[in-house]
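Morning, everyone. I have one model to go through today, starting with the whole chain and ending at the ligand. Please have a look at it first.

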Amino acid sequence: MSASCPASPRALSLDAALARLLEQAPTPSTSEPVALAAALGRVLAAPLRSPLAVPHWDHSAMDGYALRHADLAAADGWLPIGQRITAGTVGAPLAPGSAARIFTGAPVPEGADTVVMQEQCERDGERVRIPPESKAGGNIRRAGEDFTAGTEVIAAGTRLGPQHLGLAASLGLAELMVRPRLRVAIGASGDELVAPGAPLGPGQIYDSNRLTLGAMLTALGCEVIDLGRIPDDLEATCATLARGADAADLVIASGGVSVGEEDHVRPAVERIGTLALHQVAIRPGKPVAFGRIGDTPFFGSPGNPVSLFVTCALLVRPLVLRMQGVGGDLAPRRRRLPAAFAWPRPDKRREFHRARLVEDDSGQPRVEVFASRSSASLRSLVWADGLVDLAPGVAIAPGDPVEFIPFTELLH
Ligand code: AMP
Ligand code: MG
């Protein structure tokens with residue numbers, strides 16, 4: 001399609017299409033326990049409330065000496081060392097007029113109200129000199145200072161990263177209640193497709209989309225069910241998609257969603273299910289299909305590899321996150337940065353072009369774009385480290401601000 005082709009009046013804006021997709025996305029109602037070590041990337045089903053106060057008891061934040069601050073005034077600054085308290089042990093109540101040698105993480109003994117760090121003290125055998133100006137109450141992390149028992153520490157709908165698992169472990173939890181993994185059935189339509197590893201016949205190409213799509217879904221925490229290649233035939237397409245709908249929570253097909261007579265995915269979904277939307281005013285990726293086969297949502301992406309990548313990053317990602325119960329704003333965060341390129345012939349559609357960051361002479365980031373607009377070039381995606389979101393009909397001159405979305409925001 002040429003750059004001057006007007007946006008189709010039937011095409012939905014990206015935001016409207018996404019809102020419709022998310023509106024109709026079923027959210028999970030069940031949950032299952034998983035061991036912490038297996039919970040990375042899973043979605044927390046209910047708010048996690050701490051069973052403990054953290055810290056659990058008053059403890060020393062430093063290697064140093066624990067004492068009663070009032071004792072400092074009486075003494076000449078020197079206090080006898082009555083005991084030694086290491087992490088993992090509990091000391092005796094502090095004898096009046098004495099100090100306790102104490103280490104980071106050890107419980108502050110009963111009666112002590114101050115810890116002074118060892119670097120500020122002078123040691124002489126079994127006594128220690130504490131500087132008189134030491135601050136009362138210093139270097140003690142108080143019980144419940146971070147949070148008290150019962151505090152919500154992780155919100156429901158959070159995708160669990162290493163930091164969440166660390167926090168849960170610190171609270172003594174061995175498992176967490178998470179949403180089930182979303183099962184997504186994927187197939188690639190096209191008689192020209194050959195699996196990588198097999199010899200290529202005349203007119204054939206390797207099926208890359210199933211790999212790209214499966215990997216994107218795996219990174220989003222889904223369980224992928226591979227439906228294989230879907231022949232360009234209406235009956236076979238119906239049968240494969242129906243099989244996917246039976247086995248999975250979501251069916252995604254690549255290719256065959258345009259209006260050519262060899263595009264059988266849309267007619268198949270219209271026959272065995274319902275089709276809700278089929279054009280989105282973005283480039284690349286205008287022909288997408290969204291519908292339902294029985295109760296199972298269906299998404300049909302364009303066959304061109306870059307179109308598949310872009311539509312999945314922009315539409316499928318929020319859809320599968322929401323279907324897995326991820327809460328909050330699902331929009332990728334973007335950066336407004338100066339363009340390092342000129343864009344004299346903007347499209348009538350909102351364009352998501354492959355881009356990457358470069359530094360200008362003063363070390364400031366700028367956005368550079370791939371030279372070709374071809375949506376067949378997978379190499380352009382490997383060249384890029386993000387997408388630039390270009391408004392319809394707006395020409396860009398070098399230095400103009402543009403919106404850059406890093407792949408890190410789109411691929412997990
Ligand atoms: P379609 O959307 O089926 O009209 O396909 C558009 C273009 O994408 C055609 O050039 C196809 O050969 C190509 N294509 C379709 N499916 C795949 C796939 N699974 N892997 C790589 N290229 C594909
Ligand atoms: Mg095709």
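The chain exposes about 18,900 Å², and carbon and sulfur atoms supply 54% of that. Accessible areas here come from the Shrake-Rupley method with a 1.4 Å probe, and for residues only the protein chains shown count as cover.

Some bookkeeping. This is a predicted model, where local features need pLDDT of at least 70 and side-chain atom pairs count only at pLDDT 80 or more, while totals for chains, interfaces and linings use all residues. Residues are numbered from 1 along each chain as its sequence is written, chains are lettered from A and ligands numbered from 1 in the order in which they are written, and side-chain values use heavy atoms, with hydrogens and water left out.

Now the fold. The chain has eight helices and 26 strands; these are DSSP runs, helices being H or I with at least four residues and strands E with at least two, numbered from the N terminus. The chain is more spread out than a compact globule, because its radius of gyration is 30 Å, well over the 22 Å that the globule rule gives for 412 residues. That radius is taken over C-alpha atoms, and the rule is 2.2 Å times the number of residues to the power 0.38. Along the principal axes, the C-alpha atoms fill a box of roughly 95 × 55 × 40 Å.

Of the 412 residues, 47% count as buried, meaning under 20% relative accessible area, with over 50% called exposed and partly exposed in between (1.4 Å probe, protein chains only).

One residue in detail: D71 sits in helix α2, residues 71-74. Is D71 buried or exposed? It is buried, with a relative accessible area of 15%. A polar atom of the D71 side chain lies 2.9 Å from the backbone nitrogen of G97.

On to ligand 1. Of the 16 residues around ligand 1, E192, D207, S208, G256 and G303 come nearest; a residue counts as near if one of its heavy atoms lies within 4 Å. A nitrogen atom of the ligand is 3.1 Å from a polar backbone atom of S208. One of its oxygen atoms lies 3.0 Å from a backbone N or O atom of G256, and an oxygen atom is 3.2 Å from a polar backbone atom of N304. Taken alone, ligand 1 exposes 480 Å², of which the protein buries 76%. The elements that give two or more residues to the shell are β13 (183-189) and β15 (205-206).

Methods: Polar contact = N/O pair within 3.5 Å; in protein donor to acceptor, adjacent residues only side chain to side chain.
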